[in-house]
Structure formats: C-alpha cells, structure tokens
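Me: Please take a close look at a single part of this model, beginning with a loop. Then place it in the rest of the chain.

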Amino acid sequence: MFILISFFFFPAGTMVYRISLLLLVFVAAATPTASADKQTYIVHMDKAKITALDSMLGDSRKWYEEVMDSITELSTEEEGGEEETSPPQLLYAYETAITGFAAKLSTKQLESLNKVEGFMSAVPDEILSLHTTHSPQFLGLHPWRGLWFAPHFTTDVIIGVIDSGIWPEHVSFHDWGMPPVPSRWKGVCEEGTNFTSSNCNKKLIGAKAFFQGYESKRKKINETEDFRSPRDSLGHGTHTASIAAGNVVPGASLFGMGKGFASGMMYSSRIAVYKACYALGCFASDVLAAIDQAVSDGVDVLSLSLGGPSRPYYSDPVAIASLGAVQKGVVVAFPAGNSGPSDLSVFNSAPWMMTVAASSMDRSFSTIVKLGNGEIFHGASLYSGKSTQQLLLVYNETAGEEGAQLCNGGTLSPDLVKGKIVVCDRGNDSPVERGNAGKGEVVKMAGGAGMLLLNTDEQGEELIADPHILPATSLGASAANSIRKYLTSGNATASIFFKGTAYGNPAPAVAAFSSRGPAFVEAYVIKPDVTAPGVNILAAWPPTVSPSGLQSDKRSVTFNVLSGTSMSCPHVSGIAALLKSVHKDWSPAAIKSALMTTAYTQNNKWAPILDLGFNGSESANPFAYGSGHVDPMRASNPGLIYDITHEDYLNYLCSLKYTPEQMALVSRESFTCPNDTVLQPGDLNYPSFAVVFDSDVLNNSATYRRTVTNVGLPCSTYVVRVQEPEGVSVRVEPNVLKFRHLNQKLSYRVSFVAERESSSSGEAVFGSLSWVFWKYTVRSPIAVTWQQPEEY
C-alpha cells in the first residue's frame with residue numbers, strides 16, 4: 001500500500017484534522033497483517049530535532065539504533081509483554097538529501113514509531129513501475145499488500161452482478177489457479193444462445209438470463225442481434241463485472257491509453273451473472289427474478305447498475321426485493337443515477353441500499369485545443385489518431401440548418417463543414433455511459449475534419465473522454481463559453497493536439513452527471529451514501545462490440561472506457577466484498593457503515609472535494625457525495641459501526657406512517673407497528689443525519705438517537721467533535737463514549753436547534769458529527785433542510 005502518513009508538530013491538543021486523517025489511513029492499512037510480517041519503510045524525521053540529538057550523540061545513526069531499540073520495547077509493551085519474533089532492522093541512515101532512515105518494520109513496530117519524538121512520516125518502500133489502469137491504486141489497493149495481501153483475502157466471497165450479461169471468454173474472467181467452487185454455492189450455469197455450461201469455470205461460477213418480462217413487453221429477442229442467454233451483446237455487464245471482481249490483467253489499455261494492470265476491486269472473488277438488461281432496457285420483472293435467484297443461489301454481494309425514478313418504497317418492487325436480500329445478509333449496491341447536477345435527482349434511495357455517486361480520478365486522457373487567437377484550452381478524448389492542423393471552425397448556422405449546434409443527424413451541411421472542425425454542443429440529453437461518439441459520426445459523415453464538443457453551463461468542467469472515430473475532444477463550460485465568443489469574430493480557427501494519458505489532476509471531484517440528493521421521497525436519510533470512481537473507467541469489453549457502440553465503428557477492443565454511476569457502483573460492490581472477506585460476521589448495514597464513516601472529503605491536494613457541475617469551482621456537499629469518497633483501507637478497521645436490523649428498517653417504515661397494507665407489501669410478513677413508543681424517521685440508526693425542518697415553523701428543533709458498536713480496540717474512549725451547520729446548533733449527550741470490550745454497544749442523543757427564525761423551502765445547510773479516538777475518526781455528515789409539510 002503506497003500510503004503517506006505525515007505529522008506536523010503543534011502545541012498539545014491542536015493537531016489539525018488533516019493530520020489525524022492521514023494517520024487513520026495508515027493505521028487502517030496496517031491492521032490486517034500479522035506482527036511478524038515485515039516490510040521496508042522510508043521514515044522521515046524532523047531535521048531540527050535530529051540535529052539537536054546529533055550534538056549530543058555525535059552520530060545520527062546511533063540515535064536511529066536507539067529508536068530501533070525503543071520501538072521494540074514499545075511494541076512489546078503493547079503486546080502485553082510478548083516479544084515480537086524479530087527486532088526491527090535499520091537499513092540506512094539518511095543525512096543529506098533527506099533526514100531519516102530506512103528500516104524493516106512490522107506493523108506493530110511501525111505503530112510504535114508514532115510515539116518517537118521527531119517522527120514525521122513513513123512510506124512503504126516500493127518498486128517503481130509503469131502506471132496501472134488505476135482505480136484500485138487510486139483507492140489505495142495494491143497487489144500483494146494491504147487488503148490485497150491480508151491472510152483473510154479469500155476466494156469464497158461471491159459477487160452477483162445483475163446487468164446485461166458477460167463475455168465469458170474474456171481474460172478478466174479466467175480461473176487460473178483458483179480453488180474449487182465453494183460448496184455452499186447453489187447456482188447453475190444456464191445454457192442458451194452461444195452459451196454453454198462450459199463457459200462457466202471456477203471464477204465465473206454461475207450465469208442465468210431473465211427475459212420473460214422483456215419479451216412480454218417488447219418482442220422476442222432477435223438472436224442475430226442479442227442473445228437469449230447470459231452472453232453480453234451490449235458490453236455494459238462485462239464492464240461492470242470486471243470492475244467489481246475481474247482478474248489482474250497486465251498490459252490492459254484502450255488504443256494504448258491507460259496502459260497497465262487491470263483489476264477488479266476484489267479480483268479473487270467469484271462472479272455470478274444474472275442477465276436482466278437488453279438493448280431496449282431492463283424490466284423490473286426480470287430484475288426481481290434475478291435478485292430472487294441470486295439470493296437463493298448464495299451470493300454475498302449484489303451489484304445492480306440500474307434504477308428508476310424515486311417513489312415510495314411500498315410501490316417500488318426493486319426496493320422491496322432489495323430489502324429481502326439485505327434481510328438474508330446480502331450487501332446490495334446501486335448507482336445514484338446519471339441525472340445530475342440537479343437537486344432531487346438521486347435514484348435508489350431506500351436506506352437499506354448502498355447508493356453510490358460518481359467522481360473522477362487523478363488520471364485523464366488529455367487534449368490541447370489552440371484557438372487562432374492564441375487561447376489554449378485542455379480537454380479529454382480517447383481518439384487514437386493524429387492531431388489536426390489549424391483548421392476553420394464552423395458552428396450552428398455556419399455548419400448547417402436549425403439545430404446544427406447539437407450535431408444531430410441530418411442537421412449538418414456537407415458543403416459548409418467539409419474539411420473543417422465542427423463545434424457541437426453536448427446537450428443536456430446526451431447519454432453519459434455511451435458517450436457522444438454519435439455526434440462525431442454525424443460530423444464525419446458530413447465531411448467534417450474534427451469536432452469540439454462543448455459542455456453546457458450545467459455540465460460544468462466535467463470532461464468525459466469518448467472513443468471518437470474522428471479527431472474530437474470534449475471541453476468544459478468555461479472553455480465552451482470562450483470558444484462561442486471567439487466564433488463571433490469570424491474566420492475562427494483551432495487545432496486539436498492529443499496528449500494521451502496524464503496523471504496528477506486534483507481528485508476526486510464529483511461528476512456533473514452524478515445524481516444529487518436529497519431524495520425526492522422520504523428524504524430522512526442523506527442520499528447518495530458515498531462516491532467512488534465513475535469517470536473514464538477502463539474495464540473489460542466484448543470484442544464484438546465497438547468501443548463507441550456505433551454500427552459504423554468496426555474497431556474491436558478487449559478493454560473500453562466508460563463513465564457513469566454504473567461504473568462507480570461496482571467499485572463499491574467489490575470493496576464491500578473485500579470487507580465481507582475481512583469481517584465475515586458483519587451485517588450489510590455494518591459494512592455500509594464502515595464505508596460511510598471512513599469516507600474522506602478532501603482531494604489529493606488537501607482541498608475540499610469539488611463539484612464539477614455548473615462552474616466546477618465550488619465544494620461538493622453531502623447531497624453530491626454522501627459521506628465522502630470511499631477508502632477501502634480505513635473501512636476495514638472503522639473503530640465503530642452503526643448497525644441496523646431488519647426490524648429497525650420496518651420500524652422506520654412505521655415512522656413514515658405506512659398503513660398495515662403498505663407495511664405488508666414491504667415487509668412480506670405480518671408486522672405490526674409498535675404502539676407503545678414514539679417512532680420518528682430520524683431515529684433510524686443510520687451513519688448520517690438528515691434533519692428536515694418545517695419552513696413555516698419558527699424555532700425548529702429535533703432530537704435523534706443513535707447506537708454505535710465497538711469494533712476497534714476493546715478499551716477505548718471516543719470524544720465527540722461537531723462541525724455545526726450554519727444557523728443550527730448541535731448538542732450531543734453524552735459527549736464521551738467509554739467502551740470496555742469489543743462489540744459493546746453505547747447510545748447517544750443528538751439535538752438540532754435552528755437558531756434562525758425562518759428559512760425558505762428547499763434551503764439546506766451542512767455539517768458533521770465525528771467520534772474520535774486515537775487513530776479512529778468515525779464521521780457522519782449532517783444535512784439540514786427546510787421544506788413545506790406537504791413536501792415531506
């Protein structure tokens with residue numbers, strides 16, 4: 001794990017949050033390995049302190065040798081007097097270019113090093129190599145280290161993927177070296193069009209297609225265009241399955257871009273595929289059958305990159321089926337949707353669902369656009385050909401008839417665009433996952449030599465890379481506005497230069513397309529829950545499907561780049577499987593809690609995570625990213641969890657005033673709401689706080705109850721830390737939680753009081769509540785909204 005832990009020295013009690021966050025990342029990364037497992041670390045020390053010690057000892061190496069002895073003693077004390085199998089080994093003392101040393105340390109010895117005066121940071125030694133396909137590394141997952149090397153990194157976790165099927169021959173789904181299929185598995189490998197039982201193996205252990213609902217509403221599947229079998233004709237299912245659990249594949253790339261090792265989040269897990277999506281969509285009846293079968297077969301995690309508009313849970317069959325899956329111990333992950341950046345656009349908002357937003361990574365597929373007036377803009381593209389010369393630009397009426405600015409079919413005039421770069425508006429109705437290569441096809445067929453694809457103001461600075469069939473690039477809203485202004489000058493020109501893969505962008509940032517909260521109905525939990533990589537994701541692809549999805553595109557690839565919350569969802573599904581392998585006894589709610597309370601809200605430049613929607617310069621908030629960006633290493637050791645039972649979910653529905661009939665629909669059992677206690681939605685033991693105030697009432701207040709379970713250290717004392725939302729006071733009782741053993745549960749109450757007389761409907765303010773102890777910060781976001789009573 002390439003993790004940097006930095007400390008700065010401040011007066012007692014003033015160490016900033018940034019530093020404690022880094023410490024938490026380090027400790028979570030270190031905990032799974034045994035104390036005897038050692039690796040080499042490069043340790044940076046405070047130069048001023050080491051210089052002072054040199055004056056006393058005359059040799060910094062002697063001091064570092066003393067350090068080795070001291071951390072041996074400290075780690076022995078922490079182990080209750082049991083001495084480690086081998087002492088730390090000092091390899092080098094650095095005195096000139098840097099101040100510090102290199103040493104081979106166990107996990108416990110490295111933890112003890114934190115207590116040594118002058119310690120600043122420690123990074124694991126590494127083999128410098130080519131860059132990878134990147135999302136595992138961006139998430140802190142590295143081959144043969146950390147969660148990917150822990151003794152509990154097992155092969156018996158099963159991820160069910162409900163999508164458009166799979167291309168079983170793909171190298172991402174080979175079963176080299178895998179042990180036999182777990183004996184508990186009850187699924188089958190169903191035969192059908194171009195699919196036999198031999199297409200399954202010890203990696204792809206089950207496959208089944210569901211199309212009765214589809215065919216009853218549409219027509220019988222044309223087997224020359226699609227498959228009445230689990231085989232994938234769209235590419236979407238193959239892509240998502242490999243993100244969650246694909247093998248480690250060296251040399252993966254798209255046209256040489258993003259080249260490196262491709263890997264699923266839990267590459268050792270088994271995959272079971274349930275095809276319920278076809279060219280014209282996914283029907284709920286097929287999806288429900290797939291969920292039902294998957295739970296019966298014995299999956300541990302379900303990944304569903306699909307969804308529909310929000311509605312009450314009792315009228316949402318997918319929400320009901322998902323609750324049944326969770327009741328059986330299955331983690332269920334869904335995308336937040338691609339309808340952002342508008343508020344109230346989030347899909348899949350039931351509290352038992354893991355709802356995932358999409359955000360960017362620090363990798364881009366970069367282009368440079370140079371205008372004739374000297375202005376330069378940066379864009380994104382997956383075009384693999386040559387750069388253009390300086391060519392004339394045409395746009396709107398100079399490119400064709402009315403509507404030509406959108407470059408839809410039949411709107412461009414070949415006489416006007418031939419040999420020129422056509423400027424096209426991306427448009428608000430453009431698909432995200434399949435990109436805008438179709439506009440490029442229109443331009444190419446009309447004789448255009450290139451295309452500039454301009455974002456709307458709403459799409460902001462989000463840069464989606466598409467596998468264009470002609471020289472083309474996407475550009476952000478600020479560049480778009482400048483280009484439109486430049487076009488009015490007449491005889492405008494531009495050139496496009498394709499740089500290929502680049503790294504180092506500020507990241508993550510929430511994608512403009514990612515749907516936003518609050519939930520349209522039952523807004524008593526913050527949705528989405530977390531964000532994960534979902535922009536320009538490279539993953540497996542069927543060789544029979546072109547990268548652009550265009551019939552005119554005859555290129556064949558085995559990896560492709562897509563964007564969407566459909567891509568972020570399987571990232572979290574795979575990470576949930578990782579946590580399941582570490583904590584086999586954790587409930588779906590516990591795994592969800594761990595992912596939420598350890599998520600981070602700062603980017604790789606230590607600035608707040610940005611929202612790429614609209615102007616792209618504002619900080620994102622919990623309605624964009626939920627609790628923050630997932631951090632697998634920290635989630636494996638969260639300290640405290642907020643657990644939720646099936647009965648808790650049903651009581652939550654009771655608090656929504658569901659009728660007995662509605663309760664029966666959702667619970668699928670005879671459940672009577674308790675009448676001896678006051679139920680309120682805010683008391684659901686959720687790892688975040690959604691507070692809904694009445695905009696017509698003065699002096700709003702609310703008090704919620706939460707219970708946390710200790711899964712960190714047996715004896716631990718957590719102190720509350722609150723960042724109050726603007727205009728809302730927050731009081732927590734008690735403000736200290738003292739645990740004396742593992743799995744102990746303690747409860748607290750938190751009161752919210754609006755200190756303003758009134759607020760307009762729809763207004764929202766944000767804060768957070770964290771429980772802090774040593775290396776743990778268990779953080780929950782707070783969202784306070786004011787709504788009219790009829791709105792909730």
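Reply: P518 sits in the loop between β23 and β24 (530-533). Helices (H or I, at least four residues) and strands (E, at least two) are DSSP runs, numbered from the N terminus. The peptide bond leading from G517 into P518 is cis, with omega near 0°. P508 belongs to the loop between β22 (493-503) and β23 (509-510), and a cis peptide bond with omega of about 0° joins A507 to P508.

The model is predicted: local features need pLDDT of at least 70 and side-chain atom pairs count only at pLDDT 80 or more, whereas totals for chains, interfaces and linings use all residues. Residues are numbered from 1 along each chain as its sequence is written, and side-chain values use heavy atoms, with hydrogens and water left out. The average pLDDT (the predictor's confidence in each residue, from 0 to 100) is 87 for the chain, and 86% of the residues score at least 70. Over residues 125-133 the pLDDT is below 50, and the stretch has 24 contacts in the model beyond near neighbours in sequence. Residues 1-36 stay under 50 in pLDDT, with 94 contacts beyond four places in sequence. A contact means heavy atoms within 4.5 Å. Where pLDDT is low, the predicted coordinates should not be read in detail.

Most residues other than glycine have a negative phi, and most peptide bonds are trans. N396, in the loop between β18 (391-395) and α10 (414-417), has a positive phi near 55°. W606 lies between α14 and β27 (610-611), with a positive phi near 60°. The relative accessible area is 24% for N396, so N396 counts as partly exposed; W606, at 28%, is also partly exposed. Buried means under 20% relative accessible area, exposed over 50%, and partly exposed in between (1.4 Å probe, protein chains only).

Just after α17, K657 takes a positive phi of about 70°.

In the largest nonpolar core, which has 93 residues, W352 and L653 touch the most other members. Such a core is a set of buried Ala, Val, Leu, Ile, Met, Phe, Trp, Tyr and Cys residues joined through side-chain atoms within 4.5 Å. Helix α13 (residues 565-582) supplies the largest share of this core, eight residues. Another core, of 28 residues, lies apart from it; among its members are Y642, F693, V730 and V778.

Next come the strands. An open sheet of four strands has the order β29-β31-β35-β33 with antiparallel pairing; two strands pair if DSSP finds at least two bridges between them. Its edge strands, β29 (640-641) and β33 (728-733), each pair on one side only. Strands β31 (residues 701-710) and β35 (residues 745-754) are joined by nine bridges and run antiparallel, with F752 in β35 as the bridge partner of A702. Elsewhere, β16 (residues 363-371) and β17 (residues 376-380) run antiparallel and share five bridges. S366 has A380 in β17 as its bridge partner. The hairpin of β16 and β17 leaves four residues between them, and G374 in the turn has a positive phi of about 95°.

Two buried positions complete the picture. K439, in helix α11 (residues 437-445), is buried at a relative accessible area of 9%. The K439 side chain reaches the backbone oxygen of L406 at 2.6 Å. G206, in strand β7 (residues 204-209), is buried at 2%. G206 touches W185, V188, C200, I271, A272 and V273, not counting residues up to four places away in sequence.

Over the chain as a whole there are 18 helices and 37 strands. Of its 792 residues, 60% count as buried. Of the contacts with a separation of 6 or more, 75% come from residues 24 or more positions apart.

Terms used:
Polar contact = N/O pair within 3.5 Å; in protein donor to acceptor, adjacent residues only side chain to side chain.
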